[in-house]
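Please read these notes with the model open beside you. They run point by point.

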Amino acid sequence: MAYRYSTAVTDCLFCKIVAKEIPADVVHESDRTLAFRDINPQAPTHVLVIPKEHHSDAAALATADDGLADDVLKAAHAVAVQEGVAETGYRVVFNTGAGAGQTVFHVHAHVLGGRNLTWPPG
Ligand code: 5GP
Ligand code: ZN
């Protein structure tokens, strides 16, 4: 709740990327979203899509209630098209909470594609 309407949160890595204080390989940008390549890619295409506004995780994003989650999903699909994986198949993942592997607490959709993706994930 404390972070819901904040624009930048001190010591948040992804807020620093939005502010261009930390460089990133940006592949897509809209008014309210930014997409950049993951620094440790797990597939030929591995892009992180974030809202520019800070929300800690997908649960917080879901309660933003202003279409922002919609924008993130649309940006994820635009990235998949742009990366050429929309036809072959891609995965959009929100790790939500430390128990699910979330390590950066500024919500991000992983867009993964370009290789065979097994199910269930590990
Ligand atoms: P999570 O584990 O929270 O779902 O995903 C965080 C992702 O952020 C990881 O895949 C990790 O490789 C990526 N990451 C961590 N630090 C940086 C960074 O400084 N730049 C970029 N581009 N990606 C990062
Ligand atoms: Zn942030």
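1. Asp 11 counts as exposed, at 64% relative accessibility. The cut-offs are these: buried is under 20% relative accessible area, exposed is over 50%, and partly exposed lies in between, with a 1.4 Å probe and protein chains only. Asp 11 is found in the segment before helix 1. Its phi is near 70°, a positive value in a residue other than glycine. Most residues other than glycine have a negative phi, and most peptide bonds are trans.

2. On provenance: this is a predicted model, in which local features need pLDDT of at least 70, side-chain atom pairs count only at pLDDT 80 or more, and totals for chains, interfaces and linings use all residues. Residues are numbered from 1 along each chain as its sequence is written, chains are lettered from A and ligands numbered from 1 in the order in which they are written, and side-chain values use heavy atoms, with hydrogens and water left out.

3. Lys 20 also deserves a look. Phi of Lys 20 is near 65°, again positive in a residue other than glycine. Lys 20 is found in the loop between helix 1 and strand 1 (26-29). Helices (H or I, at least four residues) and strands (E, at least two) are DSSP runs, numbered from the N terminus. Lys 20 is exposed, with a relative accessible area of 65%.

4. Where is the cis peptide bond? The bond from Trp 119 to Pro 120 is cis, with omega near 0°. Pro 120 has its place in the segment after strand 5 (109-113).

5. Now the ligand. Which residues are closest to ligand 1? They are Arg 37, Asp 38, Gly 101, Thr 103 and His 110, among the 15 residues that surround it. A residue is near a molecule or strand if one of its heavy atoms lies within 4 Å of it. The shell around ligand 1 divides into six nonpolar, seven polar and two charged residues. Here Ala, Val, Leu, Ile, Met, Phe, Trp, Tyr, Cys and Pro count as nonpolar, Asp, Glu, Lys and Arg as charged, and the others, Gly among them, as polar.

6. Check the polar atoms around ligand 1. A nitrogen atom of ligand 1 lies 2.9 Å from a backbone N or O atom of Arg 37. An oxygen atom of ligand 1 is 2.9 Å from an N or O atom in the side chain of Asn 95. An oxygen atom of ligand 1 is also 3.0 Å from a polar backbone atom of Val 104. Taken alone, ligand 1 exposes 520 Å², and the protein buries 82% of that. Accessible areas come from the Shrake-Rupley method with a 1.4 Å probe; for residues, only the protein chains shown count as cover.

7. The space taken by ligand 1 is the largest pocket. The elements that give two or more residues to the shell around ligand 1 are helix 1 (13-18) and strand 2 (33-37).

8. Is His 106 buried or exposed? His 106 is buried, with a relative accessible area of 0%. Its place is in the loop between strand 4 (90-93) and strand 5. The side chain of His 106 reaches the backbone oxygen of Pro 51 at 2.8 Å. It also makes a polar contact with the side chain of His 54, at 3.3 Å. A polar contact is a pair of N or O atoms within 3.5 Å; within protein, one must be able to donate a hydrogen and the other to accept it, and residues adjacent in sequence count only if both atoms are side-chain atoms.

9. Asp 57 is found in the loop between strand 3 (45-51) and helix 2 (58-62). Asp 57 is buried, with a relative accessible area of 17%. Asp 57 and His 108 are 51 residues apart in sequence and 7.5 Å apart in space, C-alpha to C-alpha.

10. Ser 30 lies in the loop between strand 1 and strand 2. Ser 30 is partly exposed, with a relative accessible area of 28%. Val 111 lies in strand 5 and is buried, at 0% relative accessible area.

Key:
On a 1 Å grid over the protein atoms alone, a cavity is a set of points where a 1.4 Å probe fits but cannot get out, and a pocket is an open set with protein on both sides within 12 Å along at least five of seven lines; lining residues have an atom within 4 Å of a point. A molecule sits in a cavity or pocket if more than half of its atoms lie within 2 Å of its grid points.
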